[in-house]
Amino acid sequence: MSSVYLLRIALPDQPGGLGDVASALGKAGADIVAVDVVSRGADGTAIDDFVVELPLGGRADSLVSACLSVPGVRVIWLSRYAAGGTLRHDLEVVESMTEQPAEAERVLVRHAPVVFRADWAFLVCRDGDSGKAVVEECTPAAPDLPGDDAPWLPLDRPRRLVVPAEWDNRGWRHITAAATPMGNPNRALVIGRSGGPEILDSELARLAHLAALTQTVRQALSQS
């Protein structure tokens, strides 16, 4: 029996830095399932995501203490990771889309929460006649859109979303969300995290890239 956690840290982007953190986590009893480099900054700092397992009875705060024992390391986020260790990378999603080109958008929606370590995802469009937002695809944990509204549409680029305050009691409290256009400005792929961590610029870029790839895959299908 074990508990799985998502740990996001900032650390000096220098040789050996990642190994020092991994060693410290190992000494704390953590089993590292996966590591992703989320971004690298011009200031010489990298942001990395660790998916780690702690044995039953292990304390989550020991993970924080282990990271902080390494000079220059800062802990940005720590939470239980519901997706466990089944980490899927961007290339695996692209492979799934190319295997099922007619279902490319559905594949991306289904896998986006794991790829981006989010809690849910959905594909929404604005109906041209009624002006209402229509959810075309969603994962099971996705919240409803109050009033059938998607105030961020039309969307010209990937961006973090500002959730209306009146949505707090409609399943959107403490949600960190982002969206990117999907095919046209009135369709968007939306991902959301409960509480955080903040969605970084590098993650927005990946989200937009994968969304664009779905359109490329679909176009290739129509021409074949």
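Trainee: Where does Pro-197 lie?
Mentor: Keep in mind that this is a predicted model. Pro-197 lies in the loop between strand E9 (187-194) and helix H5 (201-223).

Trainee: And the peptide bond from Gly-196 to Pro-197, cis or trans?
Mentor: That bond is cis, with omega near 5°.

Trainee: What about the bond from Leu-153 to Pro-154, cis or trans?
Mentor: Cis, with omega near 0°. Pro-154 is in the loop between strand E6 (133-138) and strand E7 (159-161).

Trainee: Is Arg-117 buried or exposed?
Mentor: Buried, with a relative accessible area of 7%.

Trainee: Now His-174. What is its phi?
Mentor: Near 60°, a positive value in a residue other than glycine. His-174 is in the loop between E7 and strand E8 (175-181).

Trainee: Buried or exposed, that His-174?
Mentor: His-174 counts as exposed, at 60% relative accessibility.

Trainee: On to the rings. How many aromatic pairs are found in the whole structure?
Mentor: The search finds 6. One of them is Trp-152 with Trp-167. That pair is edge-to-face, 6.1 Å centre to centre, with 75° between the planes.

Trainee: Which parts of the chain does the pair link?
Mentor: Distant ones. Trp-152 is in the loop between E6 and E7, and Trp-167 is in the loop between E7 and E8. They are 15 residues apart.

Trainee: Are these two buried or exposed?
Mentor: Trp-152 counts as buried at 11% relative accessibility. Trp-167 is buried too, with a relative accessible area of 5%.

Trainee: What sort of pair do Trp-152 and Trp-172 form?
Mentor: A tilted one. The centres are 6.4 Å apart, and the planes are at 50°. Trp-152 lies in the loop between E6 and E7 and Trp-172 in the loop between E7 and E8, so the pair ties together parts that are 20 residues apart in sequence.

Trainee: What is the relative accessible area of Trp-172?
Mentor: It is 1%, so Trp-172 is buried.

Trainee: Last one. Which residues do ring pairs link into a cluster?
Mentor: Trp-120, Phe-122, Trp-152, Trp-167 and Trp-172.

Note on methods. Residues numbered from 1 in each chain as written. Predicted model: local features only at pLDDT ≥ 70, side-chain atom pairs only at ≥ 80, totals over all residues. Heavy atoms only, no water. Helix = DSSP H or I, 4+ residues; strand = E, 2+ residues; numbered from the N terminus. Buried < 20%, exposed > 50% of the residue type's maximum accessible area, 1.4 Å probe, protein only. Phe/Tyr/Trp six-rings, centres within 6.5 Å; stacked < 30°, edge-to-face > 60°.
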